[in-house]
Amino acid sequence: MTELAAIDAEVVVCRACPRLVAWREEVAREKVARFADLTYWGRPVPGFGDPAARVLIVGLAPAAHGGNRTGRIFTGDRSGDFLYASMHRCGLANQPTSVARDDGLELHGAYVAAVNRCAPPGNKPTPDERDRCLPFLEREIAALTDLRSIVALGAFAWDGILRALDALGHATPRPKPRFGHGAETAIGPYRLIGCFHPSQQNTFTRKLTPEMLDAVLRAA
Ligand code: SF4
């Protein structure tokens, strides 16, 4: 078994955060009206993509009715539609849509993960929950031996990646680099790039446009 497969196997059975376990399972039981007849995943969501990735894209956590429903990160919601459409335009994905684990989506040269692997209430993991989950991201970064660029989708991911790199022995520059859309910093062998999160709030208000996301992914 590869290290990435071993990480995935550990992620999907993790129950280390009681609050998040209760929430992800409650959401999976109660569902939302438009998905009432579907069976939700309701478990932690592993990373996804190409083991030879040169680009790692990191979000906050699975969405309650997106990744927590489908079992694949950024899959089955509008944020995922926005992200994978951009990855497809940039040559990182074989198709522009991401609706289910068996939809045929393949990533080329890219891997997608999140700081927290369980959907959190209000999209807000606590600092303890973040720290408990970060070792999975650390191990993925170490296992992706061709990795060169890491894209942080939002400030929470930016902070989580800095912590993960620090834990891997790649000291964070001081003062700590601040998140911003297009912010860039070099840490160890990696280039970290900030990007606004493709949340519905950001994309509907055009705080993040398809062109802006494409530009970040092309730079990465
Ligand atoms: S958030 Fe991470 S550490 Fe916490 S239960 Fe989920 S997978 Fe485990």
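This is a predicted model: local features need pLDDT of at least 70, side-chain atom pairs count only at pLDDT 80 or more; totals for chains, interfaces and linings use all residues.
The residues surrounding the ligand are Cys14, Ala16, Cys17, Leu20, Pro44, Asn116, Arg117, Cys118, Arg132, Cys133 and Phe136, a residue being counted as near if one of its heavy atoms lies within 4 Å of the molecule. Helix α5 gives the most to this shell, with three residues; helices (H or I, at least four residues) and strands (E, at least two) are DSSP runs numbered from the N terminus. Cys14, one of the surrounding residues, is partly exposed at 23% relative accessibility, on a scale in which buried means under 20% relative accessible area, exposed over 50% and partly exposed in between (1.4 Å probe, protein chains only).

Local features were considered only at pLDDT of at least 70 and side-chain atom pairs only at pLDDT 80 or more, whereas totals for chains, interfaces and linings use all residues. Residues are numbered from 1 along each chain as its sequence is written, and side-chain values use heavy atoms, with hydrogens and water left out.

Although several cysteines surround the ligand, the structure holds zero disulfides, a disulfide being defined as a pair of cysteine sulfur atoms within 2.5 Å. For Cys90, the closest cysteine sulfur is that of Cys195, at 11 Å, which is too far for a bond.

Two helices show a one-sided pattern of burial. In helix α1 (residues 3–11), Leu4, Ala6, Ile7 and Val11 are buried; these residues cover an arc of only 160° around the axis and therefore lie on the same side of α1, the arc being that of the directions from the helix axis to the C-beta atoms. The cover over the buried residues of α1 includes β3 (110–114) and α5 (127–143). In helix α8 (residues 210–219), the buried residues are Leu213, Asp214, Val216 and Leu217, and because they fall within an arc of 160° when seen down the axis, they line one face of the helix. On the other side of α8, Glu211 and Arg218 are exposed, while the buried residues pack against β2 (55–59), α4, β4 (149–153) and β6 (190–195). An α-helix has 3.6 residues a turn, so residues three or four places apart point the same way.

The loop between α3 (67–70) and α4 (78–89) contains Arg72, Phe74 and Asp77. Arg72 is buried, with a relative accessible area of 4%, and, leaving aside neighbours within four places in sequence, is in contact (heavy atoms within 4.5 Å) with Val45, Phe48, Gly67, Ser98, Val99, Ala100, Arg101, Asp103 and Leu105. The C-alpha atoms of Arg72 and Asn94, which are 22 residues apart along the chain, are separated by 16 Å. Phe74 counts as buried at 8% relative accessibility and has a positive phi near 55° in a residue other than glycine. Asp77 counts as buried at 18% relative accessibility and touches Ala63 and Gly66, residues up to four places away in sequence not being counted. The C-alpha atoms of Asp77 and Cys90, 13 residues apart along the chain, are separated by 20 Å.

A positive phi, of about 60°, is also found at Lys31, which is not a glycine. Lys31 lies in the loop between α2 (18–30) and β1 (48–49) and is partly exposed, with a relative accessible area of 25%. A cis peptide bond, with omega of about -5°, joins Arg174 and Pro175; Pro175 is placed in the loop between α6 (155–167) and β5 (184–187).

Within helix α6 itself, Leu165 counts as buried at 1% relative accessibility. Its contacts, leaving aside neighbours within four places in sequence, are with Ile141, Ile150, His170, Ile187 and Tyr190. The C-alpha atoms of Leu165 and Arg34, 131 residues apart along the chain, are separated by 39 Å.
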